[in-house]
Amino acid sequence: MDERTWRPLWVISVAFSPSGRELIASGKDRSAAVWDLETGENIKTLEGPGFALDLDVSSDGGLIAMTGHLNKATVRDRATGEEVFTAQPGGDAGNLDWNPDGQLPAIPAYEEGQAIIVDRSGQEVAVLSDAVGVADVAFSPDGRLLATAGHPTEERPNGPSPRVKIWDWEKGETGTQIPVVAGGMAFDPSGRRIALSNGGLAEIWDADTGQKLGTFAGHEGEVWDVAFSPEGSVLATAGTDRTVRLWDVDTGVQRLVLRGHELIVGRVAFSPDGSKLASGALDATARVWALDLDDLIKIARRELTRELTEAECRQYLHGACPT
């Protein structure tokens, strides 16, 4: 990617457009950039809400929601860059999420201990209040449930223990509670399981019963984010050891370790078809990793003027050379 047109101090969040042809990344310089993945061109730069913390794209691709410091979240038109509305959630807003049909963004209000759900005009639809700070939110694939990650705040030093709560948000009722200080959260495509980062581990829990189903250990430091592949068989994790790791969800076996970032990797996101994985890091870069074998072969043939050796195929194509 051409870094001359957009060079933030950090890349804090990454997301693919619904078509998978564009990558949107937000940075500490108060902006977000839209990239054409075919050409590497920086199509558009959008002003963010102060120090940008997180972004997400609506399922129709029309709106980009961003949160940031300065008690602010903003939603912008992806095509024009114009602001559609600004929300004042109260305190620094953390990691937001659009519901599956792209009509309702959920915005955490950390200091207020709330998750605020609004419509596409910015009108409040629901407010979920917790006794701890809410730093992250995630909708289930059917949109019925909302998970909130609760962290202790300075204002509530003796409050309830931090936990993840799973809400029936329309009723305002809490179901499962999981005793984890989650830095990242993601439902699997079925909605029955939820992945959480928990210190140096990634864990998968049953969203209905609160039973732990699996633990993924391998990062040399804290895990900052988790993401399921679109079909749910692979879990991606990112962390302070500057790596992105891919795991087999059913067996817990580590498939790949992706190296290249020079500082902490804070966010990961799969493309809609699962053929690519994006990562954003504190080294001011967003990287897009090709996971599909055909894409890897195309890249190898484009970059090399000779045939790959068997050792190179094992290293770069993760298997034997194609015949």
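Biologist: Strand 10 first: how many of its residues are buried?
Modeller: Five of its five residues are buried, so take strand 10 as mostly covered under the 20% relative accessible area cut-off. Keep in mind that this is a predicted model.
Biologist: Which residues of strand 10 point one way, and which the other?
Modeller: Pro105, Ile107 and Ala109 point one way. Ala106 and Pro108 point the other way. In general, side chains in a regular strand alternate between the two faces of the sheet.
Biologist: In what sense does strand 10 pair with strand 9?
Modeller: Antiparallel, over two bridges. Strand 9 covers residues 97–98. Asp97 stands opposite Ala106 of strand 10.
Biologist: What about the hairpin of those two strands?
Modeller: Six residues lie between strand 9 and strand 10. Gly102 takes a positive phi there, near 75°.
Biologist: And strand 11, how many bridges does it make with strand 10?
Modeller: Four, again in the antiparallel sense. Strand 11 spans residues 114–118. Its Ala115 is the bridge partner of Pro108. The hairpin of strand 10 and strand 11 has four residues between the strands, and Gly113 has a positive phi near 65°.
Biologist: Switching to voids. How many cavities of 30 Å³ or more are there?
Modeller: One. The largest cavity has a volume of about 30 Å³.
Biologist: Which residues line the largest cavity?
Modeller: Ala65, Ala73, Thr74, Val75, Phe85, Ala87, Leu96, Pro105 and Ile107. Pro105 and Ile107 are also among the buried residues of strand 10.
Biologist: Which strand gives the largest share of that lining?
Modeller: Strand 7, with three residues. Strand 7 (72–77), strand 8 (83–87) and strand 10 (105–109) each supply at least two.
Biologist: How do the lining residues divide into nonpolar, polar and charged?
Modeller: Eight are nonpolar and one is polar. None is charged.
Biologist: New topic. What is the strand order in the open sheet of four strands?
Modeller: 1-2-3-4, with antiparallel pairing. Strand 1 (11–16) and strand 4 (42–47) are the edges. Each has a single partner strand, so one side of each is left without a neighbour in the sheet. Neighbouring strands are turned by 20° against each other on average, direction ignored.
Biologist: How many bridges join strand 3 to strand 4?
Modeller: Five, and the two strands run antiparallel. Strand 3 is residues 31–36. One of its residues, Ala33, has Thr45 of strand 4 as its bridge partner.

Key. Residues are numbered from 1 along each chain as its sequence is written. This is a predicted model: local features need pLDDT of at least 70, side-chain atom pairs count only at pLDDT 80 or more; totals for chains, interfaces and linings use all residues. Side-chain values use heavy atoms; hydrogens and water are left out. On a 1 Å grid over the protein atoms alone, a cavity is a set of points where a 1.4 Å probe fits but cannot get out, and a pocket is an open set with protein on both sides within 12 Å along at least five of seven lines; lining residues have an atom within 4 Å of a point. Grid points are joined across faces, edges and corners, and a volume is the space filled by probe spheres set on the points. Ala, Val, Leu, Ile, Met, Phe, Trp, Tyr, Cys and Pro count as nonpolar, Asp, Glu, Lys and Arg as charged, and the others, Gly among them, as polar. Buried means under 20% relative accessible area, exposed over 50%, partly exposed in between (1.4 Å probe, protein chains only). Two strands pair if DSSP finds at least two bridges between them. Axes are lines fitted to C-alpha atoms, for helices over the stretch in contact, and angles run from 0 to 180 degrees between N-to-C directions.
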